[in-house]
Amino acid sequence: MNCSSSLKNAFLSAKKVTVLTGAGISAESGVPTFRGEGGLWRNFRAEDLATPDAFEKDPKLVWEWYDWRRQVIKPLKPNRGHEVIARFEDRFSDFTLITQNIDGLHKKAGNEKMIELHGNIWKVRCLKEGKVEDNLEAPLSLIPPYCTCGSLLRPHIVWFGESLPYDTIQQAYRASEECDIMIVVGTSAVVQPAASLPIIARQHDAYVIEINTEETPLSGIANESLIGKAGDILPEIERLL
Ligand code: OAD
C-alpha cells in the first residue's frame, strides 16, 4: 500500500479521530460477513431471522440462529486490525469508535469508548421490562431463553424494520460531524444510517479514509480509498504515525 503524504499530514494534524467499522474488520478473525461470497445473507433470509415479525412468529428458530452465531464467535480472537484500532483509542485524546458489529471483538481488543450501532450479540433484553443484561452462555442451556420475570428474552440487536436508539444515533452523528479524520473499515456502506456517517463527515470537512478489500459506494466519496485487508493496512497506517 502507498500511503499518500496528505494521509500522513491529515493524521499528524488530527485532534478528533472517528473510526467506523463493519463486518470486514472481523473477517480475518473468522466472523462471517453479511454480503459477498460466503456472507450470511447469501445463505439465510434476513426476513426469517432478523426482524421483529420473525421473532414473534418463531422465537425458537430465531434464537437457534443467534445461538449458532454465538458459538461461532465465542472462541474467536481480535485480529491485527482490531488491535490497531484499540491502540488508536490511547493514542488520540479525542477518539470515537462507531461499529455496526455485534460480535464484541473491539471490546476484547481493548476499546472502551464505543458506539455499538446495531447492539451486541452478548446482551439480551427482556421483552416485557426492556431490561438489558449480559449473557455469555454459548450454547444456551434453554432456547428460547426467559427472563426471571417469566417473559421471553430477545437478542439485544437492532433488527430490520427497527429504529436505532435515539441517543446512539445522535452520538454517532456528532462523532461524524466533529471529527478531523474518519477511517471507515470493512463495510459495504449500503445499510443506513451507518452508510451516511462518512458522507456527513466529508460534508463537515473531515478527511475520510476507506479501507476495504473492494470498492464500495463510498469509494468515490472518500478522500482515499485503500484496497486491501484491514489487518494489513491498519498496521501500515500506524507505522506512519
Ligand atoms: P457487509 O457484509 O455488508 O460488508 C462487509 C465488507 O467488508 C465488504 O465491503 C467487504 O468487501 C469488506 N471486507 C471483507 N473482508 C475484509 C477485510 N479483511 N478487510 C477489509 N474489508 C473487508 O457488512 P456490513 O457493511 O458491516 O446489520 O453490514 C452492515 C449491516 O448489514 C450489518 O451490521 C448487519 C447487516 O445486515 C444488522 O444485523 C442490523
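Student: How far is an oxygen atom of the ligand from an N or O atom in the side chain of Thr 187?

Tutor: This is a predicted model in which local features need pLDDT of at least 70, side-chain atom pairs count only at pLDDT 80 or more, and totals for chains, interfaces and linings use all residues. Residues are numbered from 1 along each chain as its sequence is written, and side-chain values use heavy atoms, with hydrogens and water left out. For the Thr 187 side chain, the distance to a ligand oxygen is 2.7 Å.

Student: Which residue has a side-chain N or O atom 2.6 Å from an oxygen atom of the ligand?

Tutor: Gly 186 uses a backbone N or O atom, 3.2 Å from a ligand oxygen. The 2.6 Å pair involves the side chain of Asn 212.

Student: How many residues surround the ligand?

Tutor: Phe 34, Arg 35, Thr 187, Ser 188 and Asn 212 are the closest. The shell divides into eight nonpolar, 11 polar and four charged residues, with Gly classed as polar. The number surrounding the ligand is 23.

Student: What distance separates the centres of domain 1 and domain 2?

Tutor: The bounds, from an automatic or database domain assignment, are 5–30 + 78–118 + 163–238 for domain 1 and 37–75 + 125–157 for domain 2. Four residues of domain 1 are in contact (heavy atoms within 4.5 Å) with five residues of domain 2. Taken over C-alpha atoms, the centres are separated by 27 Å.

Technical notes. A residue is near a molecule or strand if one of its heavy atoms lies within 4 Å of it. A polar contact is a pair of N or O atoms within 3.5 Å; within protein, one must be able to donate a hydrogen and the other to accept it, and residues adjacent in sequence count only if both atoms are side-chain atoms.
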